[in-house]
Amino acid sequence: MTAQPAPDLAVHDLPAPRVDSEVGPLRAVLLHRPGDELRRLTPRNNDQLLFDSIPWVDRAQEEHDAFARILESREADVLLLGDALVTALADERAHAAAADTAVDRRRVGHELADALSSHLSTLDNQALADVLMAGMTFEELPAAEGASLVRKMHHPHDFVVDPLPNLLFTRDSSVWIGNRVAIASLALPARKRETALMDLIYAYHPRFRAAGRAYGAHSAPVEGGDVLLLAPGVLAIGVGDRTTPAGAESLARSAFADGLVHTVLAVPIAQDRATMHLDTVCTMVDQDAVVMYPAVRDTLVAYPLRPDEDSGGVRVSGPVPFLDAAAQAMGIDRLRVIDTGLDAVTAEREQWDDGNNTLAVAPGVVVAYERNVETNARLEEAGIEVLRIGGSELGTGRGGPRCMSCPITRDRL
Ligand SMILES: NC(=O)NCCC[C@H](N)C(=O)O
């Protein structure tokens, strides 16, 4: 079996992939509607799978549907990752490669690996996509497959293929810079396999066939939540819990080599769960404005990187204050900071609940979680339009509207 042809896609009617900023009007975006992978979370595995509690899945889906509707109401075409994966699997090469991305021989042993691979190859596109996203337990593997020692010794509820509950955070696994896509190299074991799924989608979905790649999925870790396109030609890359210095340097090298940017600011951030990515403390809300966690406002620094014309490599300077370096690279007098400026406890609570993690749908218009009442009020006082969404269940994975979205096309400013 079993790749079935994809339905005809009117790919030419869709806006061409291209992202030059954080705030240009959003025209196409990749989201992931949370599904059965969230139903795998238990109090025993949620820490390892990077969730802080057990989400109520039906409600999470409702919250996510409302998020998608808001983006559509602002003229953004919403592509769902699950649909994109099924479409990609319609290509026989993707279907054949998919089993390899799911079968970990070291873990399941050679006997079972072969049986599992051949079982996966018999699945239709939708069923295979479901396993790739939601994983599979030993008890779900048909009894006839692989009566191995590994199978006998595992509990029936153990995973033979791990679920990927963090697919929800499409921001982290790929990033568009100009007309190229960088597939992230995710740092933690719970998310590493997301890279392989993004690789299949970008290689085999008809919509992305012409897309060039930047960086390399097997380079040092870079996660998209750390990558902010401050202005055309200017990237900020957070370096901390997830993205490593080597990852930032290798993305910079690649973006310079492709002529996508002229400056990269490598920005050290604390290696804590609360600040796992740069976009947990700072996101752009307008062409010249960010919302920022006050605790980092005056301490954030940057190491500016520029192409070294002589060596063809990367020249580094700094550290210098982040806000100054950003304004200079962006060619503006100053970067306006809407700091959440509240009392320290409220600011800390709202930062934890992704108050700083907004998604701009146009300059001065952002989507934000409604629960961050004080931060949203400060944004509105500063003239930013705030489109509120519920996130009580979505937020259990510690990510907000920016984390849950990968812009594919934004209009140029
Ligand atoms: N850009 C982001 O901050 N993404 C949120 C990712 C949350 C996810 N549970 C993780 O720990 O990777």
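## Overall build

The protein has 13 helices and 20 strands, where helices (H or I, at least four residues) and strands (E, at least two) are DSSP runs numbered from the N terminus. Its radius of gyration, taken over C-alpha atoms, is 21 Å, close to the 22 Å that the globule rule (2.2 Å times the number of residues to the power 0.38) gives for 413 residues, so the protein is as compact as a globular protein of that length. This is a predicted model, in which local features need pLDDT of at least 70 and side-chain atom pairs count only at pLDDT 80 or more, while totals for chains, interfaces and linings use all residues. Residues are numbered from 1 along each chain as its sequence is written.

Along the principal axes, the C-alpha trace spans about 70 × 50 × 40 Å. Of the 413 residues, 51% count as buried; a residue is buried if 20 or more other C-beta atoms, placed from the backbone, lie within 10 Å of its own, exposed if 12 or fewer, and partly exposed in between.

## A helix pair

Helix H3 (residues 92–102) packs with helix H8 (residues 189–204) at an angle of about 175°, their axes being 10 Å apart; the axes are lines fitted to C-alpha atoms over the stretch in contact, and angles run from 0 to 180 degrees between N-to-C directions. H3 and H8 are therefore roughly antiparallel to each other, a term for angles over 145 degrees. On the H3 side the contact (C-beta atoms, placed from the backbone, within 7 Å) is made by Arg93, Ala94, Ala97, Ala98 and Thr101, and on the H8 side by Arg193, Ala196, Leu197, Leu200, Ala203 and Tyr204.

## Ligand shell and backbone details

Among the 15 residues around the ligand (C-beta atom, placed from the backbone, within 6 Å), Leu50, Gly225, His277, Gly399 and Cys403 come nearest. Most residues other than glycine have a negative phi, and most peptide bonds are trans.

A cis peptide bond, with omega about 15°, joins glycine 318 and proline 319, and proline 319 is placed in the loop between strand S14 (314–316) and strand S15 (320–321).

Methods
Angles under 35 degrees count as roughly parallel, over 145 as roughly antiparallel, 65 to 115 as roughly perpendicular and the rest as oblique. Two residues are in contact if their C-beta atoms, placed from the backbone, lie within 7 Å.
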